[in-house]
Every structure is written in C-alpha cells, then in structure tokens.
Amino acid sequence: MRLTIVGCSGSYPGPDSTASCYLLEAEHEGRTWRILLDLGNGALGQLHRYADPLEIDAVLVSHLHADHCLDLCGYYVMRKYHPTGPQPRIPVWGPAGTADRMARAYDLPLDPGMNEEFAFHDWSSRSSDAPVVIGPFTVEPRQVVHPVTAYSLRVSAGGRTLVYSGDTGPCDALDEAATGADLLLAEASFESGADNPPDLHLTGADCGRTASRAGVGRLVLTHVPPWHDPAVAEAEARGEWSGPVELARAGATYEI
C-alpha cells in the first residue's frame, strides 16, 4: 500500500500545501486501486500531480468541515461535465448528511444533488460496525471527538495498516483505532501550553502519546495550520515517543 500526501495544511490551504487529502494505492486483481482520504479545499488540483482523478475508486470523508470535504464540489463538476462524457458513479463514504451537505455547498437542489455522480454512504449506516471493503482496502471507521461528527479511519491492505486520525481531540477511540498500525497519520493542529479548547484537535505531544500507547510503527504528523511552526509539533511528538516521527509534506510518499 502506498500513501501519497496530496494536501496536509490544517484548517485552510497554506503557502506550501492544500488542505487535507491523502491518496492510497494498492495492487489488486491486475490493476492499481486508488482511494482518497478526504478531499479538502484546494486538493483536487494538486491530485492531478499524483493520479488521474478519473481513476479514483472511492472517496472517504472523515468529517464535513470544508478543509476535509469541499473539493468534492469541483470533483462533481469534473465527473459530470468531463469532455469524454459523464463518468460512472463512485462511492463516497462519510458522516450522515454528506450528500445534502455537498449539494448545499454547490447550491444544488437536494434531489438529485450530486447523487448522479457519487454513490453516498453513511459510516453510521453499516450493520454491526462491519468494515467497508473497496477492492484491496478494508476500512474501519471509528467515531472520535470533534465539534461535528468525525471519524478516524483504519485502512488495511496486503497485511499492512494505516490509521488516519481525521480531526480529533485525544480520546480512547483514537488509541483503539491506532493500535498496532504500521503508520499513524495524525493531525497536530494545537501546541502544548496554549489555551486549547477540549475535544477539538491534537498537539504534537498528544500525537506522540497516542503513538506510544498504540504501539505504532511510524508516526507522520499532518494538518498543522499555517500559523504554527511544524517543527514545534515534531519536537513535541519526539518528546513523548521514541519511534520514527516525521512531518507530512505535499508530494511525500510512504510505502506501507
């Protein structure tokens, strides 16, 4: 499984990166399967650098804040009006209300909204918390703490596992989701010592503690807002965990 950082800026696109978007690729049944974890504002344009957007098999949305989902609007336009013709529907998994949220974002009537381009599915609608299977990928969402309904995503393929925190404050659910992951992609939006609201974001130190408790193989810090120095998040994480730590950057790839 290969991870490519399409966008990693927190809260809004920054000077060096678009907002959140992560491309996962894996071989299966004679071809490369591709899924996106989030598609935040600005990310669709950068995705062209790393993959043909028309060859994406599914989009997995962690939550419905703009920096994680808003470029579904441009993706809708691309799939609906492409010169080669309307493209086949692809699955979009997200929190309850994703279809209506995206229709409103593009000022569409709720019916049909974007339902002719995307097959929307709610994480909460799965029976008995069954995982979602997309080609070689097995996806296990787990609700975490944030002002809106938000999920961490545990994605496995070929015997390897990546866990994406999404946006969350420290919580047992994230620790459980991350347990034994080969790579933990964790947001580090806050700095320790600041007057940080609870149940909103992680600090670099929180990320390090989560990695330690979960016993992950590697920690990659992401979603650092442009107003913060990413080196601070990295130093905080290293102070709490002795394993491999690095900062996400646009265009970086990881073989998992």
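Residues are numbered from 1 along each chain as its sequence is written. Because the model is predicted, local features need pLDDT of at least 70 and side-chain atom pairs count only at pLDDT 80 or more, while totals for chains, interfaces and linings use all residues.

**Pocket and cavity**

On a 1 Å grid over the protein atoms alone, a cavity is a set of points where a 1.4 Å probe fits but cannot get out; a pocket is an open set with protein on both sides within 12 Å along at least five of seven lines, and lining residues have an atom within 4 Å of a point. Grid points are joined across faces, edges and corners, and a volume is the space filled by probe spheres set on the points. One cavity of 30 Å³ or more is found.

| Space | Volume | Lining by class |
|---|---|---|
| Largest pocket | about 290 Å³ | ten nonpolar, six polar, two charged |
| Largest cavity | about 40 Å³ | five nonpolar, two polar, three charged |

In these classes Ala, Val, Leu, Ile, Met, Phe, Trp, Tyr, Cys and Pro are nonpolar, Asp, Glu, Lys and Arg are charged, and the others, Gly among them, are polar. The largest pocket is lined by 18 residues, of which C8, D16, S17, V224 and P230 are the closest to its centre.

**Helices α6 and α7**

Helices (H or I, at least four residues) and strands (E, at least two) are DSSP runs, numbered from the N terminus. The axes of α6 (residues 204–214) and α7 (residues 230–240) come within 7 Å and cross at roughly 35 degrees; axes are lines fitted to C-alpha atoms, for helices over the stretch in contact, with angles from 0 to 180 degrees between N-to-C directions. In contact (heavy atoms within 4.5 Å), G204, A205, G208, R209 and S212 of α6 meet A233, E236, A237 and E240 of α7.

Eight of the eleven residues of α6 are buried, that is, under 20% relative accessible area with a 1.4 Å probe and protein chains only. Their cover includes α5 (172–178), β11 (183–187), β12 (219–222) and α7. After α6 comes G215, with a positive phi near 65 degrees.

**Glycine G113**

G113 lies in the loop between α4 (98–105) and β6 (118–122). This glycine is buried, at a relative accessible area of 6%. Beyond its neighbours within four places in sequence, G113 contacts Y76, A103 and L108.

Key. Heavy atoms only, no water. Buried < 20%, exposed > 50% of the residue type's maximum accessible area, 1.4 Å probe, protein only.
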